[in-house]
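Hi,

Here is the structure I promised to pass on. Have a look, and my notes follow below.

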Amino acid sequence: MLLIKNGRVIDPASKTDAALDVLLDGEKIKEVGLAGKIASPQGAEILDASGLIVAPGFIDLHAHLREPGQESSETIETGTRAAARGGFTAVCCMPNTKPVNDNASVTRFIVDRTKVGGSVRVWPIGAASVGSKGEAIAEIAAMKEAGIVAVSDDGKPIATAKLARQVMDYCRSLDLPVIEHSEDVSLAAGAVMREGVTSTRLGLRGMPAEAESVCVARDLQLAELTGARLHVAHLSAKASLEQVRWAKSRGLRVSCEVTPHHFTLIDEDVQYDSKFKMNPPLAARQDREALLAGLADGTVDGSCAARAGVERCGVRQRAVWGSGIRNGAGACAGTIGAERAAFADTHGRAIHNWPGASAGHRTKDRRKPARRLDHFLD
Amino acid sequence: MSIKFRDLLALEPLTADELSFLLDQSKPFQEIQKHPLKKLATLRGKTVALAFFETSTRTRISFGAAASRLGADTMNLQAEASSLKKGETLLDTVFNLNAMKPDCLVMRHAASGATDYVARHLDIPVVNAGDGTHEHPSQGLLDALTIRDRLGTIKNLNVTILGDILHSRVARSNIHLMGKFGCKFTLCGPAMWVPRELEKIAPGTPIRCVYRIEEALDGADVIMMLRVQTERLDDPPLSANDYVLLYQLNAVRLRRASPNAIVLHPGPMNRGIEITPEVADGPQSCVLEQVTNGVAVRMAILYLLISGATESGTHPALEVKSKESANASD
């Protein structure tokens, strides 16, 4: 038994934000009571959480664990260890591994590897199309049996509107969400940052915000056509957010997430430092303001960092901006902790909405400077 | 006055005073170009590394000539033959070059910001000889020197830049230099190459984007041509015929500019595309003076960065002159 005392308990699912003590019995929460009102049972371990936030375990909706195939960058073992360190008790891993998680045997491999070396739960996301190539629909039903919780061709959008429509139809029948990396690849081709005054001044090729928002428009309309459950990943543009707000107002089953980089940093922060290179790229000031407003009013359902491990030896290669250069910010060592209250709230909602949600608990230490943004970008 | 910067990476951060100083220091080196004997001993024993990761003829030869006329030796890295082709990282290549102990690195690279990045990791002066579509500081300086020679000033001029401005490092350097002397800019070319964002890249400098060449040329004192990079005609796909129809500088169109207007071109020219031969070879054209001035400007850059000289010392080009006259009297 473990008694967590004197912490500030935040659980958006039950709209809780109060000074409470929590008693755990093994993996179950046995009792939650007002501070000092729970009697410490015989032999219970006591954790003094003064000045700390006690929250349900966070769920990372969007991570790249790189296994199988790119173990030099990340493995399920190292990725889940980082997740545990950052307060996450479950990680949804994207299918762009080598081979792509587009069939049940790869899904089972991920599930089995997690049993052996995983520090937290891993919920695989299956590819929408075979090899994420955008041609044929993957074995989604078989992957679902093996344990996937959603489908996505993440790293790119589902290639054509026709296939996206078919995947959404199929996933609706299978009761699986479709996660879209919304990007018009022709508008984004060759770009290394967001198009604007900063990209023009620096002489770096930019992609317009519309590279994202025209694809979001496509996907939302197809979600309405098919009735599918659609989740827009790493949304970055004001125009995209407005469309999601519109879709929600029409009652569509739509959700979206934003990354901490996009609601804190903007394109003006880019000064030829490739740790600010990412996809989608850092957006304009008005986009950031819109994302923050979206977090506050609930249009944004969750936040996660789209962690993607890269090899250490890649550091020098990605140091110069150019289309052949890796994204730097994706390599950050874990999801950035809450500097803004809205962050914790949206995490709570995301957990609540996500399939398989269950209690874990994390005690987040806000006193530690290690969760500062600049630290994670290094 | 002395220079406070260690590297010359861009003109954007420099002040009008610093830019004037660089131009003034180039002046005596211009005289050297007219001498029968052009070689000084100022940088004897010094080595300038020329690392052109992107192909170049004119700029590489110009920096090479500048170094040798100052008495310095050069080391040449040619991108095609280098280890970069074997997968070596940029920084490793530069560290290897630096291990041979040059006193200055002159570098060109196809990626914007590459020279900034390299300079952050080196303790010798780095000169940007063109980084992607960002800046080309020595070109900006030689253009300003040419304009000052022809028009007597670089202050408060109406400057028109024609062509692919979005992808031009020359345009950016010119805007950041001339803008600090009160010049007004008119940028003109196909809309895909002249985005409105350009109007805001140099706060304090009036910049307007127009899409009719007649409007762009009205009252211009300086017309800067940019090479139509034929490799860019694919992105976006644009017909060369359309370009000629709308934006070619010919003698009839040139008459709209101020009567004393001058025409600059950083080269290499596509005769018959962006400029007609009659304009390129006409009295208002400065293209060959630009090339000559390029050597003088680059001598000044290398001299100032390597020797750390200040205004108070005697300029090396003037020292030579006095020696020559002493020899003459022997």
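**What the core looks like**

The largest nonpolar core has 171 residues, and those touching the most other members are A:V91, A:V151, A:V178, B:V106, B:V222, B:I223 and B:L302. (A nonpolar core here is a set of buried Ala, Val, Leu, Ile, Met, Phe, Trp, Tyr and Cys residues joined through C-beta atoms within 7 Å; buried takes 20 or more other C-beta atoms within 10 Å of the residue's own, with C-beta atoms placed from the backbone.) Helix α11(B) gives the most to this core, eleven residues; helices are DSSP runs of H or I, at least four residues, numbered from the N terminus.

Before you go on: this is a predicted model, where local features need pLDDT of at least 70 and side-chain atom pairs pLDDT 80 or more, while totals for chains, interfaces and linings use all residues. Residues are numbered from 1 along each chain as its sequence is written, with chains lettered from A and ligands numbered from 1 in the order written.

Now the helix pair. Helix α1 (residues 16-32) of chain B packs against α11 (residues 287-307) of chain B at about 120°, axes 8 Å apart; axes are lines fitted to C-alpha atoms over the stretch in contact, and angles run from 0 to 180 degrees between N-to-C directions. That makes α1(B) and α11(B) oblique to each other, as angles under 35 degrees count as roughly parallel, over 145 as roughly antiparallel, 65 to 115 as roughly perpendicular and the rest as oblique.

Lastly, B:I223 touches, among others, B:T160, B:L162 and B:L249, leaving out residues up to four places away in sequence; contact means C-beta atoms within 7 Å.

Cheers

Notes: Helices (H or I, at least four residues) and strands (E, at least two) are DSSP runs, numbered from the N terminus. A residue is buried if 20 or more other C-beta atoms lie within 10 Å of its own, exposed if 12 or fewer, and partly exposed in between; C-beta atoms are placed from the backbone. Two residues are in contact if their C-beta atoms, placed from the backbone, lie within 7 Å.
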